[in-house]
Amino acid sequence: MKRFINNNIAGLEPPRTVELMGIAAKMKAEGRDVISLVIGEPDFDTPLKIKEAAFDAILRGLTHYVPAPGIPELRKKIAEKLFEYDQVIADPESEIIVTPGAKFAIYLSLMTFLQDGDEVIVLDPSWVSYKPLVKLTGATPVTVALDPDDNYRLTREKLLPAITKKTKVMIVNSPNNPTGRVFTEEEIQILADIVAKHDILLISDEVYDSIIFDGRNNISPASISEIRDKVITINGFSKSHAMTGWRLGYLAANKELTRAMLNVHSHVVTCAPSLVQYAALAAFECQDDVKNMASEYAKRRDYLVPALNAIPGFDCRYPEGAFYAYPRVHFKGMNAMQICSYILENAGVLITPGAVYGEGGENSVRISFATSISNLEEAIRRISAVLR
Ligand code: PLP
């Protein structure tokens, strides 16, 4: 049977985070009292207006194919959001594609532009799916390890040596999963300089852009006019509107790139689900819900970080965005993987070992705060009890 499998996916494993969520579900089904902090999705319900709009779309019979790049009304709203919130100019007619999830938008970009022999710069740590998605295309991910002691800051010195003649794409993500970092103006400028000088495309994954703390702003690389035509901006509704199961994302890119991606998109999926697109129109009237969720995450972060730092061995910075804390942890000479197993076995709390996000994560763990404060309090109580 092995000979039937595409070489590019031999060795591909399911995302470890999904696997961990499965372990937690299984343990719970067996009656064990497990608190899972590996959650990569909002614990809030999708805003009611969006649900009502979905019902309405079904009842109005808006359940057939729609234009491949997405319904024009939604592309227009997305273009307005991109302009007002991110200062990104995208023509709704020709520079936006609505996709089934942001993940598919990333896949679509990689699939359209990469082939055997190409190299793609991926940062370490980074979201679990970038490297596997690059490998699916036959291209090779080239890892740039960021320094935890330097708060995972992006520097010219780190990036430049990784660029070769084969480099075609660089993928970045801010606000970042797992580190919680949000790019500063200086980091965006470094990216802009590098993309302007080299013949490479930049994929900028901004799916957590509505969850940013302490008055910081999301700076979209595509807002810098010099590189705008070389940036593919990725976003979606999963994290901002608690719509993970609806599967709706989008990308914005220059006309020519969009045309190429649209070709692939229409052959592979035809279009993103029609009724979900109609429902998403209502998402633009849910700014209060989006803000309330972000301020709830901020409260949880403000509880969680000092509570973690009070446990011997934990060293946690305040995440600047997204809903993950990414502390380093030291306990009895164990690596983070062993510490996670120890905590799961002895405290019944599931957290994600940093190695899942790259080799540099050997001593880090990711703790999701997309869960209630009472769950976080109980988890902290249990972890403190077993690590003391
Ligand atoms: N990008 C990052 C950094 C993520 O963390 C996730 C989901 O966990 C996605 C993309 C995928 O989002 P979607 O649900 O829109 O496919």
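In which loop is P175 found? Select P175 and you will land in the loop between strand 5 (167–173) and helix 7 (185–197); helices (H or I, at least four residues) and strands (E, at least two) are DSSP runs, numbered from the N terminus.

Before moving on, a word on the model. It is predicted, so local features need pLDDT of at least 70 and side-chain atom pairs count only at pLDDT 80 or more, while totals for chains, interfaces and linings use all residues. Residues are numbered from 1 along each chain as its sequence is written, and side-chain values use heavy atoms, with hydrogens and water left out.

Stop 1: Show the backbone from S174 to P175: the peptide bond joining them is cis, with omega about -10 degrees. Now step along to N177 and P178, where the peptide bond is also cis, with omega near 20 degrees. P178 lies in the loop between strand 5 and helix 7.

Stop 2: Next, pick K103, which has a backbone N or O atom 2.9 Å from an oxygen atom of the ligand. Then pick D205, whose polar side-chain atom lies 2.6 Å from a ligand nitrogen. Taken alone, the ligand exposes 400 Å², and the protein buries 92% of that (Shrake-Rupley method, 1.4 Å probe; for residues, only the protein chains shown count as cover).

**Stop 3: helix 2.** Select residues 48–59. The twelve residues of this helix should span 16 Å at 1.5 Å a residue, and the end C-alpha atoms are 17 Å apart, which agrees; the expected span is 1.5 Å times one less than the number of residues. Colour I50, A53, A54 and A57, the buried residues of helix 2 (buried means under 20% relative accessible area, exposed over 50%, partly exposed in between; 1.4 Å probe, protein chains only). Looking down the axis, you will find the buried residues within an arc of 105 degrees, so they line one face of the helix; the arc is that of the directions from the helix axis to the C-beta atoms. On the other side, L48, F55 and L59 are exposed.

**Stop 4: two positive phi angles.** Go to Y152, in the loop between strand 4 (140–145) and helix 6 (156–159). Y152 is not a glycine, yet has a positive phi of about 55 degrees. Finish at A242, between strand 7 (231–236) and strand 8 (249–252), where phi is near 50 degrees.

Key: A polar contact is a pair of N or O atoms within 3.5 Å; within protein, one must be able to donate a hydrogen and the other to accept it, and residues adjacent in sequence count only if both atoms are side-chain atoms.
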